[in-house]
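Subject: Handover of a structure

Dear colleague,

Please find the structure below, followed by an account of what was found in it. I would be grateful if you read the two side by side.

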Amino acid sequence: MDRERSLQEQKEWYRRQALEYARRAEPAAGPVETAPQDEEDQGEDYQEFLKNHPGRGKLKVQVTAARGVLPVSEASVEIVRREGDSTLVLDRVQTDEDGIADGILLPARPASYAQSSETAQESGTSYEVSVTHPSFVQKERLPVTIFEGVETILPVGMWPALK
């Protein structure tokens, strides 16, 4: 019983600390621009990428603070794919009030790649995720792998930015 009360007290302390840091931070700087929705607007590199990755997989990003206790709403999430010298921005979204950016559809290799020993190592499609919020230390280039027909969940823990 004492242990349970101690955990509740710790959670409350973390919650108060995160709220205090958020109060000290500057307000968010307007809406985040979104990536072009029309695939033709992305250019030739993107068209080639889509041809090699005809499947679709989902990404769900869960952004929290205070060791997972508090959701971070209005965090900016950017998903990119780096190949050689080129960087493709696949999407830019913001987390909701629960700290979640959900239903992000991303190109993926066909699921059949995982069924052959010759292509199994190439069955996932690698992306990098960056998360920013004015009240927290930025998280950059977090690796995530997407598979066709699978929802991948990426938990992101943020630390308050001390000003």
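**The four-stranded sheet**

Four strands form an open sheet in the order E4-E3-E6-E7, and their pairing is antiparallel. Its edge strands, E4 and E7, each pair on one side only. On average, neighbouring strands of this sheet are turned by 20 degrees against each other, direction ignored. Strands here, like helices, are DSSP runs numbered from the N terminus (H or I and at least four residues for helices, E and at least two for strands). Two strands pair if DSSP finds at least two bridges between them. Angles run from 0 to 180 degrees between N-to-C directions, with axes taken as lines fitted to C-alpha atoms, for helices over the stretch in contact.

The model is a predicted one, in which local features need pLDDT of at least 70 and side-chain atom pairs count only at pLDDT 80 or more, while totals for chains, interfaces and linings use all residues. Residues are numbered from 1 along each chain as its sequence is written, and side-chain values use heavy atoms, with hydrogens and water left out.

**Strand E6 and its partners**

E6 is mostly covered, with 7 of its 9 residues buried; buried means under 20% relative accessible area, exposed over 50%, and partly exposed in between (1.4 Å probe, protein chains only). E6 is joined to E3 by 5 bridges, and the two run antiparallel. Across this pairing, Glu78 stands opposite Ser130 in E6, and Ile79 has Val129 in E6 as its bridge partner. E6 and E7 are also antiparallel, joined by 7 bridges. A hairpin through 2 residues connects E6 to E7, and Ser126 has Thr145 in E7 as its bridge partner.

Helix H2 lies across E3, E4 and E6, at about 85 degrees to E4. Contact means heavy atoms within 4.5 Å.

The whole structure holds 1 aromatic pair. Phe49 and Tyr127 form this pair, which is edge-to-face, with 6.3 Å from centre to centre and 85 degrees between the planes. The pair links distant parts of the chain, as Phe49 is in helix H2 and Tyr127 in strand E6, 78 residues apart. Rings of Phe, Tyr and Trp (its six-membered ring) pair if their centres lie within 6.5 Å; planes under 30 degrees apart count as stacked, over 60 as edge-to-face and the rest as tilted. Phe49 counts as buried because its relative accessibility is 3%, and Tyr127 is likewise buried, with a relative accessible area of 2%.

**The nonpolar core**

Which residues touch the most other members of the largest nonpolar core? They are Leu59 and Ile79, in a core of 26 residues. Helix H2 and strands E1, E3, E4, E5, E6, E7 and E8 each supply at least two residues of this core. A nonpolar core is a set of buried Ala, Val, Leu, Ile, Met, Phe, Trp, Tyr and Cys residues joined through side-chain atoms within 4.5 Å. Beyond its neighbours within four places in sequence, Leu59 is in contact with residues including Ile79, Ala101, Val129, Val144 and Leu154.

**The chain as a whole**

The chain has 2 helices and 8 strands, in the pattern α-α-β-β-β-β-β-β-β-β along the sequence. Of its 163 residues, 33% are buried. Among contacts in the chain with a separation of 6 or more, 61% are between residues 24 or more positions apart.

Yours sincerely
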